[in-house]
Amino acid sequence: MIPTSIVLMRFFKSRKFLRLASCSLLCLLFVGSCIKNDLPFPRIPQLILSIAAEGESKEAYIDNIAYEVTLYLEETTDIQNVKFTDYQISEDGVSDPNLLEGTYDLSSPLFVTLYRFQEYTWELKAVQDIPRYFQVKDELGESVVDVAAHRVVVTVMEGTDLSNLLLERVKLGPEGITTMSPDLKPGPIDLSYPLRVEVTYHGRTEIWTIYGQIQDTPVATDRVDAWSKVIWAYGSGSSNAENGFEYKKTTDSDWTRVPKQYITSNKGIFSCFIPGLEPLTEYVVRAYSDNSLGEEMTVTTQATADIPNGDFEQWHKTQRGMWNPWDENGQRYWDTGNSGSMTLGINLTTPSDHTPTGSGKAAMCKSQKVALMGMGKLGAGSIFTGEYLRTEGMNGVLGFGRPWTLRPTKLNGFYQYSAKAIDQLGDADYKYLKGRPDSCHIYVALTDWTAPYEIHTKPSERVLFDKNASCVIGYGELTYSGEMSAYEPFEIKITYKDTSKVPSYMVITCAASKYGDYFTGGDGSTLYVDQLSFGWDLP
């Protein structure tokens, strides 16, 4: 009897088997060509995780929501030949171009495409502050330096001889590397006709034109910005005169002069704030210089508004036991990190009967190690204006901010804090904090976001709030480390970069551990916060 193995070997080598195999293969290829692959490619946003360049003045700002990067360059850096020294993107992503190769012109935005299944276009912008000035004696206000048009306009009073001005100082390019032809220096200068100046730096020459002009009035009301209970005014006049502002309601007949302590002057440029005003009221403001009066400007102050649920009276508990800081059928304005910590059955932020007045509710934020079978990390108790979006692994994604267009001057409230020693370290950069008392952190920011800002705590794709970002219009914060036996009032002054900018979003965050975003803090640190409200006046 022939063994079965030998029979099979003979069959596999036979022509019949080869014919069958060939037909089967052809059928598979035919069927395969008819199968349509309808499975979509996964959508994985490609992020710029870190970026740096030679000649930076400070760390770049990365906006992983708008896909934008802002680099801040020293004034002597050649903005048209920027060399990148660090460029890290999402794992398995491809960048076109690769910024670590060659140099780049950032005098206009640079667009970079990141690929992985889909394309993601990023915009890179450079900000370079090069102080430029041109000042003559007895000029009115400050010379207008138009960088884009390469021109300077100097204004003097009627009766001044433009052919015999005295140049006091000039700077039209980066410090230490700029040459001018003719070489302008302090001394007599003739501006009775436009003066052409060649300004050279980084091997490139710009043609600047200096103009002199006569103004028949010695003072100008340049701008007036009306907030809710404060008005900011800006003017220009003679540096040798007494300069200031006057104001009144449009319905009044008498003018009031702004007290000297509210006025700031820099030669012929001066500004002021006018406090103690009424919301939704029309006022008239004008500048003065000695006995001369500037143009009258009419503005209307903004309204005031309460912070929704700023007293933290509204809470509800879900069926699975999670606390939320809003009525079950009410407005959702605040949120917490409970959606993430409740995956392990822990509420980090809860309502508390311990309040400054002894009645009502307050928010209690507690930092705890959130772990399962010994594996886990610190969860920092916090409450913020916005919404908890989702949990990715053991990391949260938050939507920071609520729409807001008013400009408060301070954030007021009550808080009580108990700091524990920092014993949870989620980031190697903060190992030096181990054993030190934890710190709470309360801050408020007014921004020009067009949508809520997404916060990502995943270390490899971390996106956090940056108080120094260009989108931040106003900001104020409080930190405290220690033990408080009772509630104390607080007042956080909000500092604005520009009084004319109107915010679109507002975010308030109260956290029991300042470095909770890095999973670093003290297990048991507890912050109580209550009765948050905005102030609208100065000082």
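W227 is buried, with a relative accessible area of 2%, and W232 is buried as well, at 17%, where buried means under 20% relative accessible area with a 1.4 Å probe and protein chains only. This is a predicted model, in which local features need pLDDT of at least 70, side-chain atom pairs count only at pLDDT 80 or more, and totals for chains, interfaces and linings use all residues. Residues are numbered from 1 along each chain as its sequence is written, and side-chain values use heavy atoms, leaving out hydrogens and water.

**Aromatic rings**
- The structure holds 25 aromatic pairs, counted when ring centres of Phe, Tyr and Trp (its six-membered ring) lie within 6.5 Å.
- W227 and W232 form one of these pairs, 5.4 Å centre to centre with 55 degrees between the planes, which is tilted (planes under 30 degrees apart count as stacked, over 60 as edge-to-face and the rest as tilted).
- Ring pairs also link Y443, W449, Y453, F465, Y475 and Y505 into a cluster.

**Charges over rings**
- The charged end of R223 sits over the ring of Y234, 4.3 Å from its centre, the criterion being NZ of Lys or CZ of Arg within 6 Å of the ring centre and within 35 degrees of the ring normal.
- The ring of W255 has the charged end of K248 over it, 5.3 Å from the ring centre.

Terms used:
Buried means under 20% relative accessible area, exposed over 50%, partly exposed in between (1.4 Å probe, protein chains only).
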